[in-house]
Amino acid sequence: MKEAGYADLEDAALLARIAGGDEQALAALYDRHAARAFSLALCILGDPETAEEVVLDVFWSIWQHAGAFAPERGRFTTWLHAMVRHRAIDALRRRRARPPQLPEPPEEEMEPAALDPSVEDLVEARELAQAVREALAALPPAQRQVLELAYFRGWTHREIAAHLGEPLGTIKSRLYLALRKVHDWLAERGMIP
């Protein structure tokens with residue numbers, strides 16, 4: 001008997017696997033629902049870039065809290081769309097609460113940046129570079145590969161997906177997970193706020 005692939009699994013089964021740390025299950029869930037989640041966020045925000053950030057943030061939350069989903073309370077899509085709607089409204093509120101941008105000062109009022117970095121700046125940069133190398137080494141190979149192709153080779157998400165033969169949604173979710181892990185790694189060590 002053939003084992004069911006991820007695309008054949010119901011949402012609740014994928015969530016159970018995600019709760020166990022299965023990244024492929026998250027990618028399958030993302031591929032199945034990200035487009036509708038993005039459409040909902042875009043309707044609320046009217047800004048594709050922020051809508052994509054909201055959707056990625058929601059799937060990151062699903063990755064962290066998949067075990068919180070209770071199928072007896074309702075369908076996964078109801079849970080997902082409620083999270084997207086709340087995050088989008090929060091993003092909208094933050095955007096409205098931001099003070100207006102101040103105009104740039106004329107160039108003659110700006111002080112020139114120091115041309116030579118100080119010794120402290122060089123030491124700090126070296127320590128940060130070492131911490132980033134360690135954070136990259138700690139990533140799962142699939143996430144590290146996507147991150148390196150995107151940021152060190154400058155490939156687009158579509159180029160990476162075509163090169164690896166993976167769905168675009170899988171590439172985006174891997175990249176998002178990798179970036180969050182690197183961020184958390186650096187923040188835990190006090191390298192970034």
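The model is predicted. The protein has eight helices and zero strands, and buried residues account for 32% of its 193 residues. Among contacts with a separation of 6 or more, 61% join residues 24 or more positions apart.

**Helix α3: length and cap**
- Helix α3 covers residues 48–65, and its 18 residues should span 26 Å at 1.5 Å a residue; the end C-alpha atoms lie 25 Å apart, which agrees.
- The N-terminal end of α3 is capped by Asp 47, which has a side-chain oxygen 3.2 Å from the backbone nitrogen of Glu 49.

**Helix α3: burial**
- The buried residues of α3 are Thr 50, Ala 51, Val 54, Val 55, Leu 56, Val 58, Phe 59, Trp 60, Ser 61, Ile 62 and Trp 63.
- The cover over these buried residues includes α1 (11–19), α2 (23–45), α4 (76–97) and α8 (168–188).

**The largest cavity**
- The structure holds one cavity of 30 Å³ or more, and the largest cavity has a volume of about 50 Å³.
- Its lining consists of Leu 26, Tyr 30, Leu 56, Phe 59, Trp 60, Ser 173, Tyr 176 and Leu 177.
- Helices α2, α3 and α8 each contribute at least two residues to the lining of the largest cavity.
- By residue class, this lining comprises seven nonpolar residues, one polar and no charged.
- Leu 56, Phe 59 and Trp 60 are among the buried residues of α3 and also line the largest cavity.

Conventions. Residues numbered from 1 in each chain as written. Predicted model: local features only at pLDDT ≥ 70, side-chain atom pairs only at ≥ 80, totals over all residues. Heavy atoms only, no water. Helix = DSSP H or I, 4+ residues; strand = E, 2+ residues; numbered from the N terminus. Expected span 1.5 Å × (residues − 1). Buried < 20%, exposed > 50% of the residue type's maximum accessible area, 1.4 Å probe, protein only. Contact = heavy atoms within 4.5 Å. Polar contact = N/O pair within 3.5 Å; in protein donor to acceptor, adjacent residues only side chain to side chain. 1 Å grid on protein atoms, 1.4 Å probe; cavity = no way out; pocket = protein on both sides within 12 Å on 5 of 7 lines; lining within 4 Å. Points joined across faces, edges and corners; volume = space filled by probe spheres on them. Nonpolar A, V, L, I, M, F, W, Y, C, P; charged D, E, K, R; others polar.
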